[in-house]
Amino acid sequence: GRIVELSDHTGCGTMIKMQSGQWTHIYCHLMGSVQSDSRGTFLIDRSGGIVLTLGQDIPAGARMARVGMTGRTTGPHLHWGLMYGNQYVDPALVLNAMYGSNPSGNT
């Protein structure tokens, strides 16, 4: 997908929004911070060796961030939002369709 938004000033904390066709992925509470200069807007996680640029294409399977504790949260975790078109989709439904099992492990 393509990075279409980078932010670190909301309850979502450090956030990456990616677009892939009709799908939008939103990843929140990540390590690092967002900075802008004359070259553009970047997410920088120096400790993790990660630098992402607004508009950058990210191939499937690439490491793009580390789980953090930014924004309004009480512990480290990844918040993953998924949209198709302009409608939120339960990511568990997508994972179940992809892998054919219950991703939560519950029966």
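The structure is a predicted model, in which local features need pLDDT of at least 70, side-chain atom pairs count only at pLDDT 80 or more, and totals for chains, interfaces and linings use all residues. Residues are numbered from 1 along each chain as its sequence is written, and side-chain values use heavy atoms, with hydrogens and water left out.

**View 1. Strand E6 has side chains that alternate between two faces.** Buried means under 20% relative accessible area, exposed means over 50%, and partly exposed lies in between (1.4 Å probe, protein chains only). Strands (E, at least two residues) and helices (H or I, at least four) are DSSP runs, numbered from the N terminus.

**View 2. Strands E4, E5 and E6 form an open sheet of three strands.** The order is E4-E5-E6, and the pairing is antiparallel. Strand E4 (33-37) and E6 stand at the edges with a single partner strand each, so one side of each is left without a neighbour in the sheet. Neighbouring strands of this sheet are turned by 25° against each other on average, direction ignored; axes are lines fitted to C-alpha atoms, for helices over the stretch in contact, and angles run from 0 to 180 degrees between N-to-C directions. Two strands pair if DSSP finds at least two bridges between them. E4 is joined to E5 by five bridges, and Gln35 has Phe42 in E5 as its bridge partner. Four bridges join E5 (residues 40-45) to E6, where Val51 is the bridge partner of Ile44. E5 and E6 form a hairpin with four residues between them, and Gly49 in the turn has a positive phi of about 70°.

**View 3. Five strands form an open sheet with antiparallel pairing.** Their order is E1-E2-E3-E7-E8. Strand E1 (2-7) and strand E8 (87-88) stand at the edges, each with a single partner strand, so one side of each is left without a neighbour in the sheet. E1 and E2 pair over five bridges, and Glu5 stands opposite Lys17 in E2. These two strands form a hairpin with six residues between them, and Gly13 in its turn has a positive phi of about 70°.

**View 4. Cys12 and Cys28 form a disulfide.** Their sulfur atoms are 1.7 Å apart; a disulfide is a pair of cysteine sulfur atoms within 2.5 Å. By this rule the count comes to one disulfide. The pair links distant parts of the chain, 16 residues apart, with Cys12 in the loop between E1 and E2 and Cys28 in strand E3. The link is left-handed, with -80° about the S-S bond. Cys12 counts as buried because its relative accessibility is 18%, and Cys28 counts as buried because its relative accessibility is 4%.
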